[in-house]
Amino acid sequence: MTRPVTSIRAAETARTGEEISADRLYAKVGRRLLPLLGLLYLVSYLDRSNIAFAAPNGMNEALNLSSSAFGLASGIFFLGYSLVEVPSNMALRRFGARAWLVRILVSWGVVATLTAFVTSAGQLQIARLLLGVAEAGCLPGIVFYLTLWLPKNVRTRMMAGFFVALPLSTALGAPLSGLIVQHADGLAGLPGWRAMFLLEGIPALLLAIVVWRALPDGPREARWLTDAERDWLLDRVAEDTPEPERRPRRGGWFTPRTLALGIAYFGIVYGLYALSFFLPTIIAGFQGDDGREFSIVERGLINAVPYALGAVAMLLWGRRAQRAPGAPWTVALPAVLAGVTVPIALYMDGPLVTMIVISVCAVGVLSAIPVFWALPTAMLGKESAAAGIALVNTIGSLGGFAAPYFTGWLKDWTGSVRPGLWLTGGLLVCSALIVTALRRGAPRTAAEVR
């Protein structure tokens with residue numbers, strides 16, 4: 001078992017003469033890293049999902065996109081993302097977090113801004129594919145990066161603080177996108193939806209400069225840590241790292257357990273993107289109910305409500321799950337909640353009741369995501385962590401392709417959104433069942449071995 005914090009603190013005081021407070025040190029690390037990493041993920045999620053807001057505000061009409069064509073353009077991002085996810089994350093480990101994240105930011109910022117100038121469905125699909133290639137490695141790279149700083153007993157809470165950028169990107173990004181579409185119409189001769197792509201791609205380029213100047217590759221390079229704090233962090237992370245296999249295998253990260261984690265994450269990601277890519281279109285369908293017409297900005301604000309509630313739930317659930325880091329029920333319960341409420345939303349009458357049920361679904365999906373990442377980071381050894389986390393995210397990211405494409409295709413085929421969202425609910429429940437069965441046989445940490 002891990003030594004109590006009090007005994008660790010006493011040992012450190014005796015060795016260095018400097019008393020180390022675990023809570024204060026972890027808070028210090030969080031203040032230094034989470035705002036920048038969260039902002040990076042917020043911008044990445046906004047750039048990959050703002051196509052959902054462009055669709056009902058002129059893009060689908062201008063490019064003559066059907067529901068299935070829009071779903072393909074939305075989801076093809078994740079094919080490019082998946083193609084280079086594992087090698088990108090292995091390169092991050094080789095070249096260092098700072099340099100590789102800067103590469104990711106610059107390349108995705110360039111592609112995101114150029115998307116403003118596509119003139120056909122084919123060009124849009126190519127741009128989205130290249131955006132996925134450019135951004136590949138961002139999320140798993142950040143997850144792996146945090147394992148260099150934090151043991152698992154505090155990582156779950158910190159992950160929740162980081163992943164809150166996901167719902168905030170929509171809660172803040174939807175109204176922002178609405179304002180740009182409405183008020184930047186005509187900027188540089190571009191319609192509002194094109195101006196939105198142009199302006200929302202620029203922050204990635206600016207963040208590249210900030211990351212290069214402010215993000216250390218790990219605790220050893222952090223000038224804002226004292227020597228004692230640096231040694232203390234490195235010792236805690238080393239104790240918390242699963243023991244490597246006695247005879248490590250080439251490609252040891254490619255295991256049935258890693259594949260199962262990826263499949264479970266696939267279902268959760270499928271639910272997230274089925275919701276995020278089609279919610280703006282569902283809200284646009286409220287137009288005329290009760291004789292009410294919504295402006296573009298009002299639709300953005302309505303779209304933000306489920307994600308604002310999800311952000312609060314994500315933080316609260318992360319704190320609750322910290323008491324049992326890596327426990328499968330912390331993922332299974334919110335996944336089941338989301339899976340059950342997705343089809344229920346299909347049978348609600350009126351915009352208000354529908355949005356209430358959709359908000360509950362968003363709370364479930366968003367609460368499952370940060371606590372899920374406690375599973376692979378706890379189950380994979382140090383040598384296989386970078387590639388294994390990337391493989392899990394690669395398989396999961398295919399859910400980002402499948403969700404908008406199959407939801408749109410089923411809508412075109414059947415004339416209803418119901419079959420696609422029934423499928424979404426079923427996949428979320430399956431994810432809950434998989435993670436419940438996975439925990440057995442997880443590798444022990446160095447501290448547990450002792």
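## Exercises on a predicted model

Leu79 sits in helix H5, which covers residues 67-83. Keep in mind that the model is predicted.

**Exercise 1.** Work out whether Leu79 is buried, partly exposed or exposed, then find what it touches beyond its sequence neighbours.

*Solution.* Start with the area: the relative accessible area of Leu79 is 31%. Buried needs under 20% and exposed needs over 50%, so Leu79 is partly exposed. Next, skip the neighbours within four places in sequence; Leu79 then contacts Leu129, Leu398 and Phe401. For a C-alpha check, take Gly399: 320 residues separate it from Leu79 in sequence, yet the two are 9.8 Å apart in space.

**Exercise 2.** Classify the packing of H2 (residues 22-49) against H9 (residues 138-147), and say which residues meet there.

*Solution.* First, grab the geometry: the angle is about 165° and the axes are 11 Å apart. Angles over 145 degrees count as roughly antiparallel, so that's what H2 and H9 are to each other. The handedness of their crossing is left-handed. Now the residues: H2 brings Leu33, Leu34, Leu37, Leu40 and Tyr41, and H9 brings Cys138, Leu139, Ile142, Tyr145 and Leu146. Sort this contact by class and you get ten nonpolar residues, no polar ones and no charged ones.

**Exercise 3.** Locate Asn50, decide whether it is buried or exposed, and find the partner of its side chain.

*Solution.* Asn50 is in the loop between H2 and helix H3 (51-54). Its relative accessible area is 4%, so Asn50 is buried. Leaving out residues up to four places away in sequence, Asn50 touches Ser177, Met196, Phe197 and Glu200. With the side chain of Glu200, the Asn50 side chain makes a polar contact at 2.8 Å.

Key. Residues numbered from 1 in each chain as written. Predicted model: local features only at pLDDT ≥ 70, side-chain atom pairs only at ≥ 80, totals over all residues. Heavy atoms only, no water. Axes fitted to C-alpha atoms, helices over the stretch in contact; angles between N-to-C directions. Helix = DSSP H or I, 4+ residues; strand = E, 2+ residues; numbered from the N terminus. Parallel < 35°, antiparallel > 145°, perpendicular 65-115°, else oblique. Left-handed = near helix turned anticlockwise from the far one by under 90°. Contact = heavy atoms within 4.5 Å. Nonpolar A, V, L, I, M, F, W, Y, C, P; charged D, E, K, R; others polar. Buried < 20%, exposed > 50% of the residue type's maximum accessible area, 1.4 Å probe, protein only. Polar contact = N/O pair within 3.5 Å; in protein donor to acceptor, adjacent residues only side chain to side chain.
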